Amino acid sequence: MIPAAFEYKRANSVDEALRLLGEHGEDAKLLAGGHSLIPMMKLRLAAPAMLIDIAGIPNLDQIDAASDPLTIGALTKHAKLAASDELQKKAPALWDAANDLGDPQVRNRGTIGGASAHGDPSADYPAVLQALDATFTLAGKNGTRELKAAEFFRGMFETALGANELLTKISFAAAPKSAYVKFHHPASHYAVVGVAVALTIDGGAIESARVAITGVGDVAFRAAGVEAALKGVKTNDADGLAAACAGAASGVQARSDTFASASYRTAMADVFAARAVAQAAAR
Amino acid sequence: MQIDLTVNGKRASLDVEPRLLLAHALRDSLNLTGTHIGCDTSSCGACTVLLDGVSVKSCTVFAVQAAGQEVTTIEGIGNADSLHAMQEAFWSSHGLQCGYCTTGMIVSAVDLLRRNPDPSDDEIRSGLEGNLCRCTGYENIVKSVRAAAKAMRDGTDRHSVRELMPLHPPAVDPPPSGEGIIPKQFQEANA
């Protein structure tokens, strides 16, 4: 499959990328690992006139897990996240997602920033980054602005990233009791249903919970009902934890496709929420 | 546009359209047809090559993105005169049937052993998750990778199978039919 023709430029700094974006506006797309964009271009679902390759911008692919909050450069590849022992300790939900995403070749190429900016409704990071209550830093020609993950992910393939902005980093507080569990689509490895959970635990009971679900609706969402119901539940009370996860996707318009119906996705949201809570609590 | 890259240790200079995929550049411009295109949707892994030493699906990389980088295809992993341990293991452990997925499978397996020289069967399976095979059922592929890992660890990756089974007919004077491609001992067995 051959994509439509385009012009290609490499940007070697954030400023250069922003300048090129300013010149070419909505006709241009940023290219990092390309593992979200290139498949869409090959299907001609996307046909940008200009690609600005930002993969070579230095210092945007660092994991700073020693700082608080932890900071991840937008160009960090999934494989680097998946191999980070520090991340496994401090934010295992993100480590889970990076290890479970796509396959080795995809993880060697795709980036956390690219996958997030793509806004795929079945992607893993939108759930994980909402459960971690992550902050996104967006660079624009008038400086930078920060957005919470819940504000960043807006809809199907829609984010708050402006046409002239570049996502530079993602930061979040450590969440050692967190987990991400998903039901893979067997061919694409995207999430049919994926649930990310971050807990704090006090005296053997859940003190607070953030639960976010991807794959079910048009955009990943926080399951506020489950979060409230989990408060105070003992972590060794398996039935209690599962009961709190009932109706995880209630009120959400679930999607249907050839692989999973809306009602199946809705039912699996409860099941995978319970598994993710159990896994996070056990950490 | 003009790009320079290193392919299997040799400098290559290509004039490409930005939309040319790396898989097509390798096959059509450089005649390295060992890189196969299977699904063309970044699922099957037949097009796997090493880019700066790590496995990637060359159907999902533009050639221009690889400018200035080092590409290793199956032709750079080993050749008929000097097979890589992984190629020998796929041969001797029957890790292929039709062979279409094999080149990508071998490149991925080489990358896997670089990261993990002694993988368990589960680690081999998850390490080759990005490569699909529709013939073998994977059992012999896992066996092949296990055998190659052992040979590479033991330093015994140059076993005699290569000498017993010449792959190439001689360059001049093609042999009478039946010789050369089919190893002698098999011809005798079939006679």
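This is a predicted model: local features need pLDDT of at least 70, side-chain atom pairs count only at pLDDT 80 or more; totals for chains, interfaces and linings use all residues.
Local features were taken at pLDDT of at least 70 and side-chain atom pairs at pLDDT 80 or more, whereas totals for chains, interfaces and linings use all residues. Residues are numbered from 1 along each chain as its sequence is written, chains are lettered from A in the order in which they are written, and side-chain values use heavy atoms, without hydrogens and water.

At the interface, 29 residues of chain A are in contact with 33 residues of chain B (heavy atoms within 4.5 Å). The buried area, that is, the accessible area (1.4 Å probe) that two parts lose on being put together, summed over both, is about 2300 Å², and carbon and sulfur atoms give 56% of it. In chain A, the residues that lose the most area to chain B are Y8(A), Q105(A) and R109(A), together 26% of what that side buries.

Between the chains, 2 salt bridges are counted (a side-chain nitrogen of Lys or Arg within 4 Å of a carboxyl oxygen of Asp or Glu). One salt bridge joins the side chains of K57(B) and D103(A), at 2.6 Å from N to O. On the side of chain A that touches chain B, two or more residues each come from β1 (7–10), α2 (37–42), β3 (50–53) and α6 (104–107), where helices (H or I, at least four residues) and strands (E, at least two) are DSSP runs numbered from the N terminus.

In helix α1 (residues 14–24) of chain A, A17(A), L18(A), L20(A) and L21(A) are buried (under 20% relative accessible area, 1.4 Å probe, protein chains only). These residues lie on the same side of α1(A) because they cover an arc of only 160° around the axis, the arc being that of the directions from the helix axis to the C-beta atoms. Their cover includes β1, β2 (28–31), β3, β6 (135–140) and β10 (166–172) of chain A.

Methods: Buried means under 20% relative accessible area, exposed over 50%, partly exposed in between (1.4 Å probe, protein chains only).
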